[in-house]
Amino acid sequence: MQIIKRYSVVVLGLLLVAVSYNLCFSSYELDTGGVSGLAIIIKKLFFIKESSFILIANTMLLILSYFTLGKEMTKNTFLASFLLPILIDITANINEWIIIKDLDLLLIAIIGGTLSGFGYGMLFKNNFTSGGTDILNHIALQKFKIPLNQSMLYIDGLIVLLGGFILGIESMIYSIIALLIISNLSNKTMLGINNNKVFYIETEKYEKVANYLTKELKYDITIFEATGGFTNRNKKLILCSIKTSDYYKVKAGLEMIDPHIF
């Protein structure tokens, strides 16, 4: 029952993303980055159907992910990578049912950003990723040690900047507004509104984890001696309180040290 609930929430989140894409972003050429933003540019230049481009690009990136990041890092991207373009195709005519053409472009960017932000947050909260350029961000982290927030800025920033040249400066400005709303709401949906999060970390590589948290990130930690309730085996448990804004960076760094840490 729990797994049905989990996948239902994920599908609902992807549906919100698809609706916002067709209702706000695609119809008004707002490029918020990622493969879906690139699809709007490609459609403008070459008249290629957006859902088809997204599906092809996601498939190629999934193959790249499998051979560079491995099976474990890739498996949670399958659902979004294939289901999102299908839902985008299904909801392609949403503007015939929901009329927003008389609204100001700023309001359209806010509506699109809000729907997408909640949708992506529901996806991330259930430990799924959106696929697409998120795969490139993790490759940059694993292979070149580029932090996720930096690689996201570089990759999505380039796509948004390209949109500015192809779609116009006004489109780029409203796209950035929508992107900021998406980023903020997805984080709030996934992590809540608290300023801090607490990690309880169990790992065989606790010395490397401790060094990473204290020396690289400058966080204080507490190490407990614990006993496994099932195995009755002694182990060490690391407690660390971090800033919510650092959540993704810390989590990605820990998974680089030990893929099974969580």
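## Confidence in the model

The protein has an average pLDDT of 87, and 94% of its residues score at least 70. Here pLDDT is the predictor's confidence in each residue, on a scale from 0 to 100. This is a predicted model, in which local features need pLDDT of at least 70 and side-chain atom pairs count only at pLDDT 80 or more, while totals for chains, interfaces and linings use all residues. Residues are numbered from 1 along each chain as its sequence is written, and side-chain values use heavy atoms, with hydrogens and water left out.

Which elements have the lowest and the highest mean pLDDT? Helix α11 (residues 247–257) has the lowest, at 79, and helix α2 (residues 34–46) has the highest, at 96. Elements like these are DSSP runs numbered from the N terminus: helices are H or I runs of at least four residues, and strands are E runs of at least two.

## The sheet

Let's turn to the strands. Strands of a sheet pair through backbone hydrogen bonds, either parallel or antiparallel. In this model, an open sheet of 3 strands has the order β1-β3-β2, with antiparallel pairing. Its edge strands are β1 and β2, each of which pairs on one side only. From one strand to the next, the twist averages 25°. Angles such as this run from 0 to 180 degrees between N-to-C directions, and the axes are lines fitted to C-alpha atoms, for helices over the stretch in contact.

Two strands count as paired if DSSP finds at least two bridges between them. Strand β1 (residues 196–202) and strand β3 (residues 234–243) are joined in the antiparallel sense over 7 bridges; isoleucine 201 has isoleucine 238 in β3 as its bridge partner. Strand β2 (residues 221–227) is also antiparallel to β3, with 7 bridges between them. Here isoleucine 221 has cysteine 240 in β3 as its bridge partner.

## Helices across the strands

Two helices lie across strands of this sheet. Helix α10 (residues 206–216) lies across β1, β2 and β3, and runs at about 15° to β3. Helix α11 lies across β1 and β3, running at about 10° to β1. Contact, a word that returns below, means heavy atoms within 4.5 Å.

## Two residues to look at

Is serine 116 buried or exposed? Serine 116 is buried, with a relative accessible area of 2%. Buried means under 20% relative accessible area, exposed means over 50%, and partly exposed lies in between (1.4 Å probe, protein chains only). You can find serine 116 in helix α6 (residues 105–125). Leaving aside neighbours within four places in sequence, serine 116 is in contact with Val17, Ser20, Phe25 and Ile182. With serine 20, the side chain of serine 116 makes a polar contact of 2.6 Å. A polar contact is a pair of N or O atoms within 3.5 Å; within protein, one must be able to donate a hydrogen and the other to accept it, and residues adjacent in sequence count only if both atoms are side-chain atoms.

Isoleucine 48 sits in the loop between α2 and α3 (50–68). Isoleucine 48 is partly exposed, at 36% relative accessible area. Not counting residues up to four places away in sequence, isoleucine 48 touches Ile42, Lys43 and Phe53. The C-alpha atoms of isoleucine 48 and phenylalanine 67 are separated by 28 Å, and these two residues are 19 residues apart along the chain.

## Salt bridges

Side chains of opposite charge can pair when their charged atoms come close. A salt bridge is a side-chain nitrogen of Lys or Arg within 4 Å of a carboxyl oxygen of Asp or Glu. How many salt bridges does this rule count? The count comes to 5. One of them joins lysine 44 and glutamate 29 (3.5 Å, N to O). This pair links distant parts of the chain, 15 residues apart: lysine 44 is in helix α2, and glutamate 29 is in the loop between α1 (2–25) and α2. Both are partly exposed, lysine 44 at 40% and glutamate 29 at 27%.

Back in the sheet, glutamate 225 stands opposite lysine 236 in β3. Glutamate 225 forms a salt bridge with lysine 236, and the closest N and O atoms are 2.4 Å apart. Glutamate 225 lies in strand β2 and lysine 236 in strand β3, so the pair ties together parts that are 11 residues apart in sequence. Glutamate 225 is exposed, at 59%, whereas lysine 236 is partly exposed, at 23%.
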